[in-house]
Amino acid sequence: MTENIEKKTPAAKPEKLVAVKGMNDILPPESARWEWLEGKVRSLMERYAYRNIRTPIVEPTALFVRGLGEVTDIVEKEMYSFEDKLNGEHLTLRPEATAGVVRAVVEHALLYDGGKRLYYMGPMFRHERPQRGRYRQFHQIGAEALGFAGPEVDAELILLAHALWQELGLRDVRLELNSLGQPEERKAHRSALIAHFEQHLEQLDEDARRRLHSNPLRILDTKNPAMQPIVEAAPRLLDFLGAASRAHFERVTAILDASGVAWRINPRLVRGMDYYNLTVFEFITDQLGAQGTICGGGRYDYLIEQIGGKPAPAVGWALGVERVLELVKEQGEAPPAPVPDAYAIVPDAAALPTVMATLQGLRALGVRVQMHAAPSADAGMGSMKSQFKKADTSGARFALVFGADELARGALTCKALRDGSGAQTEHALADLPALAATLQSQR
Ligand code: ATP
Ligand code: MG
């Protein structure tokens, strides 16, 4: 039966499948740059005593609606939300990670014995118009300090990010600060803001008109150039702050000043999510075009309660990995390309069991070895010439030649590929540590 069917309908060439628009593959050698950045972040987080947290990529939709605020770009139009076909649950691919971290902290009562410092790395999803520095699947690295109320933690997080730019060799990243005060202080500002925008209704775009009464603060965050003048002239939140909020802000900036971190006030900085209060900040560069914000964050003292936890203060930031790496490419230190120490050349497949056992031993001693693998099932290992060519393109500093004659003597030949000498030395298989030391030299 099946045979007949196959004969009647010759297999059509399967349609080529490509990645979803705005979602990118990260391929070698580019992925090495990602690993390099992640390594720098891990080492830095350790120095500041931040611990890694990993939360699910899918969360209940309600978490983001409640956490981020209904009248935000993300919740209004950027979320990948769907109904689980099997049980009807409303789920969303996380557009950011703070809400999930807070959910986890509350769910597992992590604050029962005091504050926690956490960091995460991973993919986020937002249905935006893809362009340079703006993707639908992108990656964030974030740090959160939960359960601490003082300005020293705001400053610590800013200093941590600043240290990361230095580690990455980035220049010309400026720090912009603002204070959103407390909800009470925002009320008076809100009325003044609405009055100001109502006087210029004709200059407001559709989004702004819609938000005028639901979330006027968000209008300050507009990316519409036509609205810049009226936004520029809007009442400044900083002018509405009481003594306590002003003192908090000044204590943050005093710490930054003492550490030599330059900053400037941006009165229009409000950030995209509803959950912020007091300190908000962004790190911005002019070198990435319109997508110049590489990192943003602030204090969110009311989010934990909003998500159902016992009220506790918190502050954090998130950086965009794609944007930071783009900037690294533009001006930063280039990460060293990973190259093997040695490339194993195998003239005869009969030697493979000995070869593999030897390489296993070398790798256990820390040597990076790339093994020559047969290009096709029946052509043997390939000619010596083609194997040496592969060794060359691998970037390895040494070739390990497992010739029959040497193997018969319990040895192999080690040939220098990069120092111009082409020096060949014979090494006894019985003394792998000595060979390993040679191979790891000149790294
Ligand atoms: P923007 O104003 O550029 O839309 P945002 O305020 O929405 O940014 P956050 O939600 O604060 O951004 O996220 C923190 C960081 O994550 C941003 O500063 C940026 O570097 C990065 N980021 C945000 N959205 C994207 C995206 N769609 N693609 C790539 N990176 C992004
Ligand atoms: Mg955005």
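**Exercises on helix crossing, salt bridges and a surface patch**

In this predicted model, the axes of helix α13 (residues 352–364) and helix α16 (residues 432–440) come within 9 Å and cross at roughly 65 degrees.

**Exercise 1.** Determine how α13 and α16 are oriented to each other.

*Solution.* Step 1: the axes cross at roughly 65 degrees. Step 2: angles of 65 to 115 degrees count as roughly perpendicular. Step 3: α13 and α16 are therefore roughly perpendicular to each other. Step 4: the crossing of α13 past α16 is right-handed.

**Exercise 2.** State which parts of the chain are linked by the salt bridge of E176 with R264, and classify both residues as buried, partly exposed or exposed.

*Solution.* Step 1: the closest N and O atoms of E176 and R264 are 3.7 Å apart. Step 2: E176 belongs to strand β7 (residues 174–179) and R264 to strand β8 (residues 264–265), so that the pair links distant parts of the chain, 88 residues apart. Step 3: buried means under 20% relative accessible area; E176, with 6%, is buried. Step 4: R264, with 45%, is partly exposed.

**Exercise 3.** Classify the two partners of the salt bridge between D301 and R299 as buried or exposed.

*Solution.* Step 1: the closest N and O atoms of this pair are 2.8 Å apart. Step 2: D301 has 15% relative accessibility and counts as buried. Step 3: R299, at 0%, is buried.

**Exercise 4.** Locate I57 and name the nonpolar patch residues.

*Solution.* Step 1: I57 lies in the loop between β1 (51–52) and β2 (58–60). Step 2: I57 counts as partly exposed because its relative accessibility is 34%. Step 3: I57, V58 and F82 make a nonpolar surface patch of about 220 Å².

Terms used:
Residues numbered from 1 in each chain as written. Chains lettered and ligands numbered in written order. Predicted model: local features only at pLDDT ≥ 70, side-chain atom pairs only at ≥ 80, totals over all residues. Heavy atoms only, no water. Patch = residues over 30% accessible without salt bridge, like charges linked within 9 Å, V, L, I, M, F, W, Y side chains within 5 Å. Areas by Shrake-Rupley, 256 points an atom, 1.4 Å probe, with all protein chains shown as cover. Salt bridge = Lys/Arg side-chain N within 4 Å of Asp/Glu carboxyl O. Helix = DSSP H or I, 4+ residues; strand = E, 2+ residues; numbered from the N terminus. Buried < 20%, exposed > 50% of the residue type's maximum accessible area, 1.4 Å probe, protein only. Axes fitted to C-alpha atoms, helices over the stretch in contact; angles between N-to-C directions. Parallel < 35°, antiparallel > 145°, perpendicular 65-115°, else oblique. Left-handed = near helix turned anticlockwise from the far one by under 90°.
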